Amino acid sequence: MKQIKNNMDYQPQLVVVKIGSNVLTQADGSPDRQRMASLVKQIAHLKEKGLQVVLVSSGAVAFARNNIKIEEKTDSVVRKQILASVGQIDIVQSYKELFQAEGHQIAQIVVTPQDFLSRRHYLNIKDCLLGLLNHNIIPIINENDAVAVTELMFTDNDELASMTAAMIDADTLILLTNVDGIYKGHPNDPDAQLIEHVGQRTSGVSRYIASSKSSFGRGGMGSKMKMAKKAAYLGIHVFIANGNRDDVLLDFYKGQLKSTYFEPHSSKPNPKKWVAHSGNYTKGEVIVNQGARVALHADEAASLLPVGVVAITGDFSKGDIIRITDENGEKLGLGKAEYGSKKAAERIGLNNQKPIVHYNYLYLYKYHNL
């Protein structure tokens, strides 16, 4: 296998590819089946070169939009549920036929954030994905848009792709959108410069991110950058690239991909990866003093001890995800509680106590701030 040469030197083995709605959808809202066929051929090529691939695909709603008429008075949430239900059949069937033509079998997995709520459910999904890969089956994973609405939704499929890559300990995450990456300026400006490399200590990238979102998807470049930085901290090589470019995945394999590349930190244990993506599932909050804040932000790893805690809110049990904030209300991170809120409240400010959050189950937001 050739080595990837995008400012690094590593052998990709397990890759998560996320294809955005704007990649699979033409300007008039109809499916771009030619682009889909091209990407399927490229994924098949990666498979033939020995890489394992998991596909996270948007586009279900877009695939149904021009094929079904819905009454104008229909509730917007119900409208989306109908489109997702109808479109999911079409898009998966299209993938099945295209991959079969290349000699590969697929499997479909649809999930909601609630499927990741407990560590046990998280590991069940992980085991399913790895089992499919071990049997040479390409998993296609997507949010269950028919039932995941409002607060039950992922931010977008960029979040799902980042979570999936972390879950299965993938070495690479490729987020395919309709531009080459993050630019210093508008991507349509010929003088705008592509940011090709985001290092471990790179800062200020967020000021180049526009707030607009894509025409057919929920996500924007801000979401992609946030999820890319989080995945990179967890030890994953991340690329934001243009899925509308011919041979984009072949260029990745050859080390010639035009993209924004996020340099990974050292790989983190899987429990920390789970906690990092659990911000929507918190059951309580631990408020810490300045001394604890300094300790948590130090370069040396530290667990959260009761001596640095000033208050406990919420009702949580051992194993629940809790949020960590300082006395000014700034959110510092997330952690898995080593014991419940009642016991934690009894130990506030005490020395020589078991950590409320062990380092291996602690994720701090400082790691993905840009």
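**Salt bridges, sheet and patch**

K18, D158 and K224 are linked in a network of salt bridges. The model is a predicted one.

User: How many residues apart in sequence are the parts that the K18 and D158 pair ties together?
Analyst: The side chains of K18 and D158 meet in a salt bridge at 3.1 Å, N to O. K18 lies in strand β1 and D158 in helix α6 (residues 157-167), so the parts this pair ties together are apart in sequence by 140 residues.

User: Is D158 buried or exposed?
Analyst: Buried means under 20% relative accessible area. D158 has a relative accessible area of 0%, so the call is buried.

User: Which helix holds D90, the salt-bridge partner of R33?
Analyst: D90 and R33 meet through their side chains at 2.9 Å, N to O. R33 sits in helix α2 (residues 33-48), while D90 lies in helix α4.

User: Which strands are the edge strands of the open sheet?
Analyst: The sheet has 8 strands in the order β3-β4-β2-β1-β5-β9-β10-β8, with mixed pairing.

User: What is the bridge partner of V56 in β4?
Analyst: Strand β2 (residues 52-57) runs parallel to β4 (residues 137-143), and 2 bridges join them. In β4, V56 has as its bridge partner I141.

Definitions and conventions
Residues numbered from 1 in each chain as written. Predicted model: local features only at pLDDT ≥ 70, side-chain atom pairs only at ≥ 80, totals over all residues. Heavy atoms only, no water. Pairing = 2+ DSSP bridges. Helix = DSSP H or I, 4+ residues; strand = E, 2+ residues; numbered from the N terminus. Salt bridge = Lys/Arg side-chain N within 4 Å of Asp/Glu carboxyl O. Buried < 20%, exposed > 50% of the residue type's maximum accessible area, 1.4 Å probe, protein only.
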